[in-house]
Amino acid sequence: MAETALTENTVAEVMAELAELEDPKAREVNEKHGDDHGVNLGKLRALAKRLKTKQELAYRLWETGDTAARLLAILICRPKAFERDELDVMLREARAPKVHDWLVNYVVKKNPHSEDLRLAWSADPDPAVASAGWALTTERVAKKPEGLDLAGLLDVIEAEMTDAPDRLQWAMNHCLAQIGIEHAGYRARALDIGERLEVLKDYPTSPGCTSPFAPIWITEMVRRQGGE
């Protein structure tokens, strides 16, 4: 009972601290990307470092539904502690893009159920959920490609990427680029698909950054790796 009370107090304290960190200018910038919070991410990480890993507190912060609280929850949780179905529910609740991305990259990728979720999510009719499946597939393309049907993935990308909603399209495009970068045998086809579909060809790219247009992305990364 004492632990519950302590957690209640801690949740209230942490929420109050997050409220103090709220910056209207940061919120204005974040909301342009669909993220409804105004906390500087550097300050959020500093708070997480001070709190250290606290799984129960992470659960409670997630339950608030607040975007900044959910980002903090992701930083202080134990990724391997979540059950498969918990992560499935959390992903479907994570509508803010930053929460979605962090949940996939910081939690799901480190969880023992990641492969099962990758397969389930990739086939999901919700494009936001499907994009998480593609993000996990891109991770496997780079780090553990054994058993993946790379040609089949390229078939799906070729057929569906042009008309996919933004977040799903972005995830498919990343997978396309990763196949071209990591797998020389599929590079020519990946480049060809990218050239023909022209997805993200005109995406504004800051000086010094690599364009997300797959042919440019693939060519640049292969060059940096000293490939051909």
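Is Glu139 buried, partly exposed or exposed?

Modeller: Happy to! Please keep in mind that this is a predicted model. Glu139 counts as partly exposed, because its relative accessibility is 24%, and the limits are under 20% for buried and over 50% for exposed.

Now let us see what Glu139 meets. Side chains of opposite charge can pair when their charged atoms come close. One partner of Glu139 is Lys109: the two side chains form a salt bridge, with 3.2 Å from N to O. This pair links distant parts of the chain, since Glu139 lies in helix H9 and Lys109 in the loop between helix H7 (97-107) and H8, 30 residues apart. Lys109 has 25% relative accessibility, so Lys109 too counts as partly exposed.

Glu139 also forms a salt bridge with Lys143, at 3.4 Å from N to O. Lys143 counts as exposed because its relative accessibility is 64%.

Asp124 pairs with Arg92, and their closest N and O atoms are 2.7 Å apart. Asp124 sits in the loop between helix H8 (114-122) and helix H9 (127-143), while Arg92 belongs to helix H6, so this pair ties together parts 32 residues apart in sequence. With 15% relative accessibility, Asp124 counts as buried, whereas Arg92, at 33%, counts as partly exposed. In total, the structure has 21 salt bridges.

Definitions and conventions
Residues numbered from 1 in each chain as written. Predicted model: local features only at pLDDT ≥ 70, side-chain atom pairs only at ≥ 80, totals over all residues. Heavy atoms only, no water. Salt bridge = Lys/Arg side-chain N within 4 Å of Asp/Glu carboxyl O. Helix = DSSP H or I, 4+ residues; strand = E, 2+ residues; numbered from the N terminus. Buried < 20%, exposed > 50% of the residue type's maximum accessible area, 1.4 Å probe, protein only.
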